[in-house]
Amino acid sequence: MAVSASGEQHERNFSPWFQVVTRLLATEESDPLPDDAPAEFTAWRKRFRDRFDDRLAPWPVPVPLRTEIDDGVAADGYRRHRVVFDTEDTMSVPAYLLVPDLRESPGSAVLAVHGHGPGKSRICGLEPDDPPGADYAAELARRGHVVLAPDMRCFGERLDWNPEDHYACDTNLVHQVMAGWSPLTQNLWDCRRALDVLADHPLVDPDRMGVVGFSYGGTISLFLAAVDPRVASAVVSGYFSSWSEAHKMPWNMCGSQVLPGMLGMMEHADIGALIAPRPLFVETGREDPLFPVSGAEQSIGRLRRVYEYLGAGDRLVHEVSDGEHQWYGRGAYGFLAEHLGPGAAGG
């Protein structure tokens, strides 16, 4: 306890993180989702869409995709191709395209987004030491979906060299913010263009495209479904909770997951309301320390009232599994099969 010259007693603090948490606990959401007043939902969604778009701006300028695809290699029930396409005049995206062996006509497709780690190679089953189930892109292809799995910026083939004491996402945030850009927006732009690549494929029905992702991939899945109506169904794993809860964990957020001034302006349930009434599947680990199940259940409860108001209560599913921060997939694959169809039309 310190005493000022006037004799007033007050606490001293030298910790930036303590200040962050203190202010976080005092933050109240501005214009929150009116889940208890359904009649106000339509007007609220327009207001929220405007400020959501404002936080994401600016978007990059589109360029021709100039998609290149190799002959591919045979895998377990599908063929894996390496694909490269352009998203900006100074940016290209490498990806794997997984095409099921039995696909002969246009059908379902899924954009699979990786979490932190080696990138697209993990979710395509090319990392031998990964835990079971981490290869969800490959599993989706084995189940009959055409799958596109790109590397996000700062991952896989898009990882620049960094000193050991520098984290790529955070370093990139510094560089991009200096130039007026958001790394989250840039990665979302790459994924919107990835949907263009999928939609152009002769074996894909553009009306049956979904997105899945774990952890940071869950961030992208939630945001992408909210900004791009072509996403017919979304799976968000190991992410959906609330920033007010997730941000209490030090070192949880990274430079690829944040927008300026987002706290108090938007929450996970708010973004989910932009997806409704399209199908949304959320999976949570009961012991996940990063995105707590308590926050997930509270946010899902608010969002469910929106889905029910829109007559789509059965299109929102929350599955809680015993475990920590990991991909589970127990119900996700069946959910996508139900809402996108199991591969080709009628297949």
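At 10% relative accessibility, S215 counts as buried. You'll find S215 in the loop between β9 (204-214) and α7 (216-227). Keep in mind throughout that this is a predicted model.

D31 sits in the loop between α1 (16-26) and α2. Is D31 buried or partly exposed? With a relative accessible area of 26%, D31 is partly exposed.

Then there are the cis peptide bonds. One joins A57 and P58, with omega about 5°, and P58 is in the loop between α2 (41-56) and β3 (68-69). Another joins A276 and P277, with omega about 10°; P277 belongs to the loop between α9 (268-275) and β11 (280-285).

Here are these backbone features side by side:

| Site | Feature | Angle |
|---|---|---|
| A57 and P58 | cis peptide bond | omega about 5° |
| A276 and P277 | cis peptide bond | omega about 10° |

The largest nonpolar core has 69 residues, and F52, L111 and F223 have the most contacts inside it. Helix α7 gives the most to this core, with 8 residues. What does L111 touch? Leaving out residues up to four places away in sequence, L111 touches L148, P150, C191, A194, L195, L198, G210, V211, V212 and L224.

Now for helix α6, residues 183-200. This helix has 18 residues and reaches 26 Å from its first C-alpha to its last, close to the 26 Å expected at 1.5 Å a residue. Of those 18 residues, 15 are buried, so α6 is largely enclosed by the rest of the structure.

**Empty space**

Rolling a probe the size of a water molecule over the atoms shows where empty space is left. The largest pocket holds about 750 Å³ of space. Its lining takes in 34 residues, and H116, W251, N252, Q257 and L290 lie nearest the centre of the pocket. What kinds of residues make up the lining of the largest pocket? They divide into 21 nonpolar, 11 polar and 2 charged. Helices α3 (120-123) and α5 (168-178) each supply at least two residues of that lining.

How many cavities of 30 Å³ or more does a search of the whole structure find? The search turns up 1. About 40 Å³ of space lies in the largest cavity. The residues that line the largest cavity are L33, P34, D35, P38, F41, R305, V306 and Y309. Helix α10 (residues 293-309) gives the most to this lining, with 3 residues. By type, the lining of the largest cavity has 6 nonpolar, no polar and 2 charged residues.

Definitions and conventions. Residues are numbered from 1 along each chain as its sequence is written. This is a predicted model: local features need pLDDT of at least 70, side-chain atom pairs count only at pLDDT 80 or more; totals for chains, interfaces and linings use all residues. Side-chain values use heavy atoms; hydrogens and water are left out. On a 1 Å grid over the protein atoms alone, a cavity is a set of points where a 1.4 Å probe fits but cannot get out, and a pocket is an open set with protein on both sides within 12 Å along at least five of seven lines; lining residues have an atom within 4 Å of a point. Grid points are joined across faces, edges and corners, and a volume is the space filled by probe spheres set on the points. Helices (H or I, at least four residues) and strands (E, at least two) are DSSP runs, numbered from the N terminus. Ala, Val, Leu, Ile, Met, Phe, Trp, Tyr, Cys and Pro count as nonpolar, Asp, Glu, Lys and Arg as charged, and the others, Gly among them, as polar. Buried means under 20% relative accessible area, exposed over 50%, partly exposed in between (1.4 Å probe, protein chains only). The expected span of a helix is 1.5 Å times one less than its number of residues. A nonpolar core is a set of buried Ala, Val, Leu, Ile, Met, Phe, Trp, Tyr and Cys residues joined through side-chain atoms within 4.5 Å. Contact means heavy atoms within 4.5 Å.
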